[in-house]
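Welcome, and thanks for taking a look at this structure with us. Below is a short tour, arranged by topic, that you can follow with the model open beside you.

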Amino acid sequence: MNLQLASLNSLIDSLWHLGKLGEAVKLALSHVSEPHHYSVYSKILQLCTGLKSIRYGKLIHGHIITDGFPCNTCLNTRLIIFYSKFGEMETARKVFDQMSERTVVAWTALLSGYSQNADYHEALRVFQAMNADGMKANQFTYGSVLRACTHLSSLESGKQIQSCVHKGRFVNNLFVQSALIDLHSKCGNMEDACSVFESMETRDLISWNTMIGGYAAQGLNDNAILEFLRMLREGMLPDSFTFGSLLRATVGSDGLAKVNTIHGYILQFGLGSHEFLSGSLIDAYVKCGSMYNANRVYNTRQNKDLVSCTALIKGYASEGTNITRALQLFKDLQRNMAIDGMLLCSMINMCAKTASLSLGRQLHANSLKFQNQLDVAVGNALIDMYSKSGVIQDAKRVFDEMEVKNVISWTSLITGYGKNGYGREALTLYVKMENEGLKPNDVTFLSLLFACSHNGLTREGLQCFNDMVQRHEILPRVEHYCCLVDHLARGGRLEEAYDLVCKTEADSDASVLGAMLGACSTYGNVNMGRIVGRRLVFGVETENPANYVALSSIYAGAGLWRNAMEMRMLMKKNTISKYPGYSLCQLTS
């Protein structure tokens, strides 16, 4: 005799709470036979979705099909939600297509499934089909389709959906309004985001967070902080997401002061021990260059996780100091949890900056121990590390062993060849890169120009510059002109180099003029050296001692001792002294 429906549902709930999903499924399969028992199957599918049990969910679906159990709209919708959660959108679509009757909930389930599985174009197509079918959307439909537009950065599509919202009854719905704010802010349209926000009759924490996050994402950091202060004045209490957005807005010259202030607010609202926020604080302090404060926050954490530790090590890597502390952190982390590619990259980058070749090799071995094949980012970091350590053959070996390479991989090795005196090899690699169908970027050409400039390949360097502008249609930056000026000047073509300086916007750039002055010093061109040098010393870059020394050397080389002495006296008068050089060496026991 079948159990009563209410008792059956109650028993299934009890088994689920006891963690016995399998027994709940068996109970359902053995007692459900009548069409009006569909709610039991629906309940089981809901539990399978929540517990991420795809096996039992598919077992239920298979039983429904083989037994010829009649599926109604509610059960089909539950199946769509179930398959969407596991990323099986093809099966979800088949269930949807077989439905004889579709409700707004079924349409929304399918649309949300595509959106949650990052198939945003298909989500938009479902919304269009829904409109063509005459089905009116609800607030969840609008929220999902606006999320798809946001991920696609499709402001135009979003505005069309917004017009549909304004024609319906969800114009003042908080969920929809927050989705609209998110769309406009992430597409860079802060004016319309503000308009939607100001038109809201009531605002919840999500809408405030969306607005603050929008300002932070667009780099309008002061606006984000002002909006936060306004939020406090209006009596809304912040949460971890609020402060997470604010910490992303703490960049610039006064970044450290802002982080300190936000840190104070975090403590004031009792969120100091929040794992996510303490990780964000460490990252923010690191980006502001305050390793002392970053360490203080890290040491107060009960659970030292991978994210916060990686942020701290990245800070040491960017400073290029305290390698001992970074290594100790790395070892501690290695003992307690798995190491990921991002952390390995940070450590390898630090080795590159400090020329710690021995440690770099150990990290290379470590990466091979935990990964069968090199991750692209780790491979790129190793190429850079070996190149900067002068062992270009090892960099080439890493490059050859990488199964997947991106434009950064090729550019890193080209840079390594150039800096280690292998100009011809850099050009050969560039040709090979193009033959394999990869499109070089502006950094690739900067590396090529450097390689040609420092290896006496004047004609080849000019050809690379022409390729960049004409064939690849890449607009030259100041750095490219600087490299080209240096390139021409090193080749003794000073007049061409100076003409290029005068014809471009680089005539007031210190690095370009500095390259020109260095070439004048090399070739003893006093007249041009005087023009360029005085422009630097008395205008563009008055505090760089290298300019005074170079101009003084040009005068001294030409026997103009009085002019040379004047430059030295001017340095003394302006209290400018030449930076001392330094070298790094590794001591082995």
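Let's begin with E479, which is partly exposed because its relative accessibility is 39%. This is a predicted model, so please read each value below as computed from that prediction.

**Salt bridges: an opening pair**

- The side chain of E479 meets that of R477 in a salt bridge, with 2.9 Å from N to O.
- R477 is partly exposed too, as its relative accessibility is 31%.
- In total, the structure holds 25 salt bridges.

**Salt bridges around D394**

- D394 pairs with R361 in a salt bridge whose closest N and O atoms are 2.6 Å apart.
- This pair ties together distant parts of the chain: R361 sits in helix 22 (residues 357-370) and D394 in helix 24 (residues 392-401), 33 residues apart.
- D394 also has a salt bridge with R397, at 2.5 Å from N to O.
- D394 and R397 are three residues apart in helix 24, so about one helical turn separates them.
- How open to the surroundings are these side chains? D394 has 13% relative accessibility, so it counts as buried, since buried means under 20%.
- R361 counts as partly exposed because its relative accessibility is 36%.
- R397 is likewise partly exposed, with a relative accessible area of 45%.

**A salt-bridge network**

- Which residues are linked in a network of salt bridges? They are E198, R203, E227, R230 and E234.

**Two helices side by side**

- Helix 26 (residues 423-435) and helix 28 (residues 458-471) have axes that come within 12 Å and cross at roughly 25°.
- That angle makes helix 26 roughly parallel to helix 28, because angles under 35 degrees count as roughly parallel.
- The crossing of helix 26 and helix 28 is left-handed.
- On the helix 26 side, the residues that meet helix 28 are R424, L427, Y430 and E434.
- Their partners in helix 28 are E460, C464, D467 and R471.
- Sorted by class, the contact of helix 26 with helix 28 has three nonpolar, no polar and five charged residues.

**A buried histidine: H184**

- You can find H184 in helix 11 (residues 174-186).
- Is H184 buried or exposed? H184 counts as buried, because its relative accessibility is 0%.
- What does H184 touch, leaving aside its neighbours within four places in sequence? H184 is in contact with L155, K159, Q162, N189, M190, D192, A193 and V196.

**A buried valine: V532**

- V532 has its place in helix 32 (residues 526-540).
- With a relative accessible area of 1%, V532 is buried.
- Setting aside neighbours within four places in sequence, V532 is in contact with Y498, L513, M516 and L517.

Terms used:
Residues are numbered from 1 along each chain as its sequence is written. This is a predicted model: local features need pLDDT of at least 70, side-chain atom pairs count only at pLDDT 80 or more; totals for chains, interfaces and linings use all residues. Side-chain values use heavy atoms; hydrogens and water are left out. Helices (H or I, at least four residues) and strands (E, at least two) are DSSP runs, numbered from the N terminus. Buried means under 20% relative accessible area, exposed over 50%, partly exposed in between (1.4 Å probe, protein chains only). Contact means heavy atoms within 4.5 Å. A salt bridge is a side-chain nitrogen of Lys or Arg within 4 Å of a carboxyl oxygen of Asp or Glu. Axes are lines fitted to C-alpha atoms, for helices over the stretch in contact, and angles run from 0 to 180 degrees between N-to-C directions. Angles under 35 degrees count as roughly parallel, over 145 as roughly antiparallel, 65 to 115 as roughly perpendicular and the rest as oblique. A crossing is left-handed if the near helix is turned anticlockwise from the far one by less than a right angle, and right-handed if clockwise. Ala, Val, Leu, Ile, Met, Phe, Trp, Tyr, Cys and Pro count as nonpolar, Asp, Glu, Lys and Arg as charged, and the others, Gly among them, as polar.
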